[in-house]
Amino acid sequence: MPRRYDPGRRQRIIDAAIAVVGERGIAGLSHRAVAAAADVPLGSTTYHFATLDDLLIAALRQVNGAWLADYARWVDGIDLTAPLADEVAALVERTLAGDRSRVELEYELYLAALRHPAVRPIAAECLDEMVALLGRRIADERTARAVVAFTDGLLLQHLLTGQPFEPAAVRAGLAGVLG
């Protein structure tokens, strides 16, 4: 029986992995669950991604790509005459006001690097790219890294606690970090 040509299969598998993690978390990710979600034979998932780490890497790369595109747009739109703390507060507010399930998924994949060493370099690449993007606008890599860390921590804390967003607290906190 000839093999069916299906050029979009690999991408469907990645999309299905992202959907599975979004619905069930990292613990629910398996080749079987992804194959069912992608409507492909189980062998297709292991053909394209020999291990779950390979699949996680592909999923995280795709999610990071979307996040970095959004982040780059934010960086490009920073008002250089406004205090950086105001710009960061606006980013956090917009991110939290948007599709929270998307942000939760992004962090779920990002934090998978804690338990999956093969995924760590992908998470680190994303952080480094955020620092590089922001560093082009504020011309100080150390400050850019501090802002990225502050923003990351702030978003994660709000996702975990569900506390209401207070722009003034963000501005004050970031002013403390920036000195």
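## Contacts, surface and aromatic pairs

Residues 24 or more positions apart account for 67% of the protein chain's contacts with a separation of 6 or more. Please keep in mind that this is a predicted model.

Let's start with the overall picture. The protein chain holds nine helices and zero strands, and its C-alpha trace spans about 65 × 30 × 25 Å along the principal axes. Of the 179 residues, 42% are buried. The chain exposes about 9800 Å², with 55% of that area supplied by carbon and sulfur atoms. As for charge, there are 19 positive and 23 negative charges, and their mean positions lie 7 Å apart.

Now to the aromatic rings. A search of the whole structure finds three aromatic pairs.

Tyr71 and Trp74 both belong to helix H4 (residues 52-76), where they sit three residues apart, about one turn of the helix. Tyr71 has a relative accessible area of 2%, so this residue is buried. Trp74 also counts as buried, because its relative accessibility is 6%. Together with Trp67, Tyr71 and Trp74 form one aromatic cluster.

Tyr107 and Tyr110 are found in helix H6 (residues 100-111), three residues apart, about one turn of the helix. Both Tyr107 and Tyr110 are buried.

Note on methods: Residues numbered from 1 in each chain as written. Predicted model: local features only at pLDDT ≥ 70, side-chain atom pairs only at ≥ 80, totals over all residues. Heavy atoms only, no water. Helix = DSSP H or I, 4+ residues; strand = E, 2+ residues; numbered from the N terminus. Buried < 20%, exposed > 50% of the residue type's maximum accessible area, 1.4 Å probe, protein only. Contact = heavy atoms within 4.5 Å. Areas by Shrake-Rupley, 256 points an atom, 1.4 Å probe, with all protein chains shown as cover. Lys, Arg positive; Asp, Glu negative; His and termini not counted. Charge placed at Lys NZ, Arg CZ, Asp CG, Glu CD. Phe/Tyr/Trp six-rings, centres within 6.5 Å; stacked < 30°, edge-to-face > 60°.
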